[in-house]
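Hi,

Here is the structure I promised to pass on. Have a look at it first, and then read my notes below.

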Amino acid sequence: MWLRSPGSGAARCYPPPLKRVVLAEVIQAFSAPENAVRMDEARDNACNDMGKMLQFVLPVATQIQQEVIKAYGFSCDGEGVLKFARLVKSYEAQDPEIASLSGKLKALFLPPMTLPPHGPASGGSVAAS
């Protein structure tokens, strides 16, 4: 993972433990009192509506992440957050701790997904002709 050390302009390759540290810092940023209030307000405005989640919650979550990852060389915009997310995703299969931290991060701003039931009881079967 190519990251810049905080305050430095040079990109460097950091070992896996630092990758975990950056992800943990992002997660910790959501616990900061001012960020927790912002996320709670955004969730209240969204009312568990996925469209409204994208409108209210995602921008706040993006801003919180930007504040942390900019210190590690990512641009301080939506594109920087997307690059960070892709980088984390690319390491999930290789590192169970990164996968776990990634899941925790997603749970902070994505609602739990419930799948509709499948099978004969839900009308999912097709009659043979």
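A quick definition before anything else: pLDDT is the predictor's confidence in each residue, on a scale from 0 to 100. You'll need it because this is a predicted model.

Across the protein chain, pLDDT averages 81, and 74% of the residues score at least 70. Confidence is highest in helix H2, at 95, and lowest in strand E1 (residues 2-4), where the mean is 48. Over residues 4-12 the pLDDT stays under 50, though the model does have 20 contacts there beyond four places in sequence. Where pLDDT is low, the predicted coordinates should not be read in detail.

Now for the core. The largest nonpolar core has 26 residues, and the members touching the most others are Phe30, Met39 and Phe84. Five helices each supply at least two of its residues: H1 (16-29), H2 (33-46), H3 (50-69), H4 (78-92) and H5 (96-109). H3 gives the most, with seven. In general, nonpolar side chains in soluble globular proteins tend to be buried together.

Leaving aside residues up to four places away in sequence, Phe30 touches Asn35, Ala36, Met39, Ala61, Ile64, Gln65, Leu105, Leu108 and Phe109.

One more spot: the loop between H4 and H5, where you'll find Asp95. Is Asp95 buried or exposed? Asp95 counts as buried because its relative accessibility is 10%, and the cut-off for buried is under 20%. A polar atom of the Asp95 side chain lies 2.9 Å from the backbone nitrogen of Glu97.

Cheers

Technical notes: Residues numbered from 1 in each chain as written. Predicted model: local features only at pLDDT ≥ 70, side-chain atom pairs only at ≥ 80, totals over all residues. Heavy atoms only, no water. Core = buried A, V, L, I, M, F, W, Y, C linked by side-chain atoms within 4.5 Å. Buried < 20%, exposed > 50% of the residue type's maximum accessible area, 1.4 Å probe, protein only. Helix = DSSP H or I, 4+ residues; strand = E, 2+ residues; numbered from the N terminus. Contact = heavy atoms within 4.5 Å. Polar contact = N/O pair within 3.5 Å; in protein donor to acceptor, adjacent residues only side chain to side chain.
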